[in-house]
Protein chains: 2
Amino acid sequence: MEALKDKIIREGQAVGTGIVKVDGFLNHQIDVKFMDEIGKEFRRRFADIEVDKILTVEASGIGIACMTAPYFGYPPVVFAKKTTPSTMTEDFYGAEAKSFTKGTVSIIRVAKKYLHEGDRVLILDDFLAHGQAALAMTQLVQQAGAKVLGIGAVIEKGFQGGGQKLRQAGFRLESLAVIEKIDDGTIAFV
Amino acid sequence: MEALKDKIIREGQAVGTGIVKVDGFLNHQIDVKFMDEIGKEFRRRFADIEVDKILTVEASGIGIACMTAPYFGYPPVVFAKKTTPSTMTEDFYGAEAKSFTKGTVSIIRVAKKYLHEGDRVLILDDFLAHGQAALAMTQLVQQAGAKVLGIGAVIEKGFQGGGQKLRQAGFRLESLAVIEKIDDGTIAFV
């Protein structure tokens, strides 16, 4: 998606060789009009599927999922939680996700009543790096006996292997921008 | 907002005398089409103002803010963070918010570059209970030298005093549904 690559170049910030910060339109401040374009593009890439749920993970995935849902006919958006709120008393599905950026392992959870057997699920997230969050979400879906029809990432860091891992596992993955290399303040796309 | 009250009655779950869970359409699973109606209603309530930013706090506020932004001409949505990610290296504004539900105190933060002096800000959140999160957000805005034009809450728990506190402090508050009492599994609105 050319508009996205332009935006990453213009507004993103390369940190070291592994991190690109897009806090200005995605991870802290959200450019909602642009997220609407992102939603439209996900629909274009997944034009041939209908889904019962969009699954994402808090927090940055929520805006993306909400702006994409209208293009799929408003399926419910379910966001996996990274913490266990005291109000989360039901049974849940859980899967481990390691964050290489933060150096932490967290368990993401979805209450069982929001993922059902047979549900056709589209997984969406902001970044795909080592693929840990996306893989964890596929596990939640599988625990429910539901089916992953596709995985959409806004930005894939191709050099961190997550995309390859997911494709090799047989998942259909669409990344709207794939970064090949981050180096010395510059960002190169595949 | 009658449709909201109906939805809370139909799909919400009263817990004890203090908590109403709306995980089915707001806090875990999001009914995006309904959030669009919520956004429209916030615009109707704040029809006379124009804003430069919508400020909310992760995670549940994000969907609400994103679906409201189009009705205000797509101002940027800024979501305050509850944690300090390792990638958040800039200067930030910070304010304490106590969660009575979770029994914790957290600091919410916004990077200084996303709130500017003179910005006209609409604060949005899912719940208004004791008012801690909303008050913390007003402090972030004030630290930036920006101006709170309004505060919108989807659900106000009127009996927990936050609304009164905010109104007494001179803020313009619009709550789309005000709960008077939660008791024995029933929910009564003002």
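Modeller: A residue counts as buried when its relative accessible area is under 20%, as exposed when that area is over 50%, and as partly exposed in between. The model is a predicted one. With that cut-off, A:Phe34 is buried, since its relative accessible area is 11%. A:Phe25 is buried as well, at a relative accessible area of 1%.

Rings pair if their centres lie within 6.5 Å, and planes over 60 degrees apart count as edge-to-face. By this rule there are two aromatic pairs over all chains. In one of them, the ring centres of A:Phe25 and A:Phe34 are 5.9 Å apart and the ring planes stand at 85°, so the pair is edge-to-face. The other joins B:Phe25 to B:Phe34, with the centres 5.9 Å apart and the planes at 85°, so this pair is edge-to-face too. Both B:Phe25 and B:Phe34 are buried.

A lysine accompanies the ring of residue 25 in each chain. A:Lys7 lies over the face of A:Phe25, at 5.3 Å from the ring centre. In chain B, B:Lys7 lies over the face of B:Phe25, at 5.3 Å from the ring centre.

B:Lys7 leads on to helix H1 of chain B, which covers residues 2-11. Buried in this helix are B:Leu4, B:Lys5, B:Lys7 and B:Ile8. These residues cover an arc of only 160° around the axis, which puts them on the same side of H1(B). As background, an α-helix has 3.6 residues a turn, so residues three or four places apart point the same way. The face of H1(B) turned away from the buried side carries the exposed residues B:Glu2 and B:Arg10. On the buried side, the residues of H1(B) pack against several elements of chain B, including helix H2 (23-27), helix H3 (32-45) and strand E9 (147-157). Strands E10 and E11 of chain B are also among the packing partners of these buried residues.

Those strands can be taken from the end of the sheet. Strand E11 of chain B, residues 186-189, has alternating side chains. Strand E10 of chain B (residues 173-183) is joined to E11(B) by four bridges, and the two run antiparallel. Across this pairing, B:Ile182 stands opposite B:Ile187. The hairpin of E10(B) and E11(B) has two residues between the strands, and B:Asp184 takes a positive phi near 55° there. E10(B) is also joined to E9(B), by six bridges, and these two strands run parallel. B:Ile155 stands opposite B:Ala177 in E10(B).

These strands belong to an open sheet of seven strands with mixed pairing, in the order E3(A)-E5(B)-E4(B)-E8(B)-E9(B)-E10(B)-E11(B). Its edge strands are E3 (29-30) of chain A and E11 of chain B, each pairing on one side only.

A further open sheet of seven strands has the order E11(A)-E10(A)-E9(A)-E8(A)-E4(A)-E5(A)-E3(B), again with mixed pairing. Strand E11 (186-189) of chain A and strand E3 (29-30) of chain B stand at its edges, each with a single partner strand, so one side of each is left without a neighbour in the sheet. Strand E5 of chain A, residues 77-80, is joined to E3(B) by two bridges, and the strands run antiparallel. In this pairing A:Val78 stands opposite B:Gln29.

The relation between the chains can be stated directly. A rotation of 180° with 0.0 Å of shift along its axis superposes chain A on chain B, with an RMSD of 0.0 Å. The two copies are thus related as by a two-fold rotation axis. Of the interface residues of chain A, 100% are also interface residues in chain B, so the copies meet through the same surface.

Two residues of chain A complete the picture. A:Thr138, in helix H5 (residues 132-143) of chain A, counts as buried at 2% relative accessibility. Leaving aside neighbours within four places in sequence, A:Thr138 is in contact with A:Ile123, A:Val148, A:Ile151 and A:Phe171. A:Ile19 lies in strand E2 (residues 19-21) of chain A and is partly exposed, with a relative accessible area of 23%.

Technical notes:
Residues are numbered from 1 along each chain as its sequence is written. Chains are lettered from A and ligands numbered from 1 in the order in which they are written. This is a predicted model: local features need pLDDT of at least 70, side-chain atom pairs count only at pLDDT 80 or more; totals for chains, interfaces and linings use all residues. Side-chain values use heavy atoms; hydrogens and water are left out. Copies are superposed by least squares on the C-alpha atoms of residues with pLDDT of at least 70 in both. Contact means heavy atoms within 4.5 Å. Rings of Phe, Tyr and Trp (its six-membered ring) pair if their centres lie within 6.5 Å; planes under 30 degrees apart count as stacked, over 60 as edge-to-face and the rest as tilted. Buried means under 20% relative accessible area, exposed over 50%, partly exposed in between (1.4 Å probe, protein chains only). A charge sits over a ring if NZ of Lys or CZ of Arg is within 6 Å of the ring centre and within 35 degrees of the ring normal. Two strands pair if DSSP finds at least two bridges between them. The arc is that of the directions from the helix axis to the C-beta atoms.
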